[in-house]
Amino acid sequence: LPEVESPESYLAFAAAVLAFIVYVLTLLPGVSVGDWAEMQKAPPALDIAHPTGYPTYVLLGKLWSVLPIGSVAFRMNLLSAACAAVAVGLTVLILGRLGVRPILAWAGAMLLAFTGTLWGEATVANENTLQLALAALLLWLALRWRDERRAADLRLAALVAGLALGNHLISLALVPFVALYMIWVARSELRQRWLEAAQAIGIGLATLLVYAYIPLRALAGPPQLYGWLLSWSGFWHLVSGEVFRGSMTFGSPASIALVEKQVPVVVDIVSTRVHAILLPMALVGILSAPFLLKRNWAATATLFMAVVAADVYLYAAYRGSREYYLL
């Protein structure tokens, strides 16, 4: 996908490889417990995972599980390492598109790679690192669309958005903002390129059919285990995460109060994950955005601020204890 001759491409590859090596060296070597154990077992067995089902992860994990490397449990742990490494490499490309110099983009990606939150997720089987890789790919495609208007990027972004929504509903904190951004930066051209836009919409909607895996798998049975998923109410109960509604406050006045309480918690998490000198450097970088983002800087800055705000809101409104949601 990236331009093979660009400095960012070489550094992105180097960042991904270095991160992957470290993740593999620290990888959980065998069977885990709880949700991690479920995510080791569900994809190879083509089971249906706990809400929200995560069909993208299950189907990709099934393909990955046939690799002739170690035990099945180890392979699924390895998938997390690979996805996290891809996200790290894409971070270099994203920062490059934002005007960051290649070596600084590489350094930024390395800081992300070895942040405790991501490093921990990269060493056990879970759907979160796949989510981060899809999110990073979607952001990079959106930025390349901003710069180059490739029809292929529009179609690929729609495909990735659908896969991300099929993997984890936290994608709702990203996909709508990216879609609006891609429309806004090319609003005048899309009137003439309406067919390409229609194709992208069709691809995105078609990709959501990944959720058809759930009723199709339920048809295969056993009925005493999966029969309840053959009704719309059962399907929606799983996909919407209704069983966890007691921990959700989305859209309520209580959620706003929770955000107010959780913002200091998020700030504390950030401050404990980075060296103190990086915080003022980050502030300088943010204030420099108008000079770095020479093209559509206001829209691009708004995109990232909106994603951060939505992410913090989801983190606070759903338990406020899932640190990896902040990725």
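In the predicted model, Ser 32 is in contact with Ala 37 and Gln 40, once its neighbours within four places in sequence are left aside. Ser 32 is found in the loop between helix H1, which covers residues 7-25, and helix H2, which covers residues 34-45. Its relative accessibility is 12%, and because buried means under 20%, Ser 32 counts as buried.

Helix H2 also takes part in the lining of the second largest pocket, to which H2 gives the largest share, 4 residues. This pocket has a volume of about 720 Å³, and it is lined by 33 residues, of which Thr 52, Tyr 54, His 168, Tyr 318 and Tyr 325 lie nearest its centre. The elements that give two or more residues to this lining are H2 and helix H14, residues 232-239. Sorted by class, the lining of the second largest pocket holds 20 nonpolar, 8 polar and 5 charged residues.

A further element, helix H11, runs over residues 194-207 and has 14 residues, reaching 20 Å from its first C-alpha to its last, which is close to the 20 Å expected at 1.5 Å a residue. Within H11, the residues Ala 200, Gly 204 and Thr 207 are buried. Seen down the axis of H11, its buried residues fall within an arc of 70 degrees, and therefore they line one face of the helix. An α-helix has 3.6 residues a turn, so residues three or four places apart point the same way. The buried residues of H11 pack against helix H8, residues 151-167, whereas the face of H11 turned away from its buried side carries the exposed residues Trp 194, Ile 201 and Leu 205.

Terms used
Residues are numbered from 1 along each chain as its sequence is written. This is a predicted model: local features need pLDDT of at least 70, side-chain atom pairs count only at pLDDT 80 or more; totals for chains, interfaces and linings use all residues. Side-chain values use heavy atoms; hydrogens and water are left out. Buried means under 20% relative accessible area, exposed over 50%, partly exposed in between (1.4 Å probe, protein chains only). Contact means heavy atoms within 4.5 Å. On a 1 Å grid over the protein atoms alone, a cavity is a set of points where a 1.4 Å probe fits but cannot get out, and a pocket is an open set with protein on both sides within 12 Å along at least five of seven lines; lining residues have an atom within 4 Å of a point. Grid points are joined across faces, edges and corners, and a volume is the space filled by probe spheres set on the points. Ala, Val, Leu, Ile, Met, Phe, Trp, Tyr, Cys and Pro count as nonpolar, Asp, Glu, Lys and Arg as charged, and the others, Gly among them, as polar. The expected span of a helix is 1.5 Å times one less than its number of residues. The arc is that of the directions from the helix axis to the C-beta atoms.
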